[in-house]
Amino acid sequence: GPVAANERLWDIATKVLPDPSIGKEHMMKALLKANPLAFAKANNLDSLKVGSTLRVPTLREIVDYTGSAAARQLLEQRQAGETMPKEKAAATSTAN
């Protein structure tokens, strides 16, 4: 929902982080880049507007916006899993 008066970008980034290996700082930067109109000042993480609705960036966008090595590794793993034959993917998922 919309950003509440008492919400901070750090807290929002923590809630929507797709994986704990991605730093909160990277997630905050990705949120800023994905939602420039939700901030009163350009490129200022501390200027989040109350009432704004944020779009959570995709893993690809997190990589593109921040250069996060952890996000890049996760993206590569997910893409490798998508191209894996279905039989092997099923065996891998049941083995874990």
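The largest nonpolar core holds 21 residues, and Leu9, Ile22, Leu48, Leu54, Leu59 and Ile62 have the most contacts inside it. Here a nonpolar core is a set of buried Ala, Val, Leu, Ile, Met, Phe, Trp, Tyr and Cys residues joined through side-chain atoms within 4.5 Å, with buried meaning under 20% relative accessible area (1.4 Å probe, protein chains only). H1, H2, H3 and helix H4 (69-83) each give two or more residues to this core, and H2 gives the most, with five. Helices are DSSP runs of H or I, at least four residues, numbered from the N terminus.

This is a predicted model, where local features need pLDDT of at least 70, side-chain atom pairs count only at pLDDT 80 or more, and totals for chains, interfaces and linings use all residues. Residues are numbered from 1 along each chain as its sequence is written, and side-chain values use heavy atoms, leaving out hydrogens and water.

Start with leucine 9. Skipping residues up to four places away in sequence, leucine 9 touches Met28, Leu31, Phe39, Leu45, Leu48 and Leu54, where contact means heavy atoms within 4.5 Å.

Now for serine 47. You'll find serine 47 in the loop between helix H2 (24-34) and helix H3 (59-66). Serine 47 is buried, at a relative accessible area of 8%. Its side chain reaches the backbone nitrogen of lysine 41 at 3.1 Å. Setting aside neighbours within four places in sequence, serine 47 is in contact with Ala38, Phe39, Ala40 and Lys41.

Key
Buried means under 20% relative accessible area, exposed over 50%, partly exposed in between (1.4 Å probe, protein chains only). A polar contact is a pair of N or O atoms within 3.5 Å; within protein, one must be able to donate a hydrogen and the other to accept it, and residues adjacent in sequence count only if both atoms are side-chain atoms.
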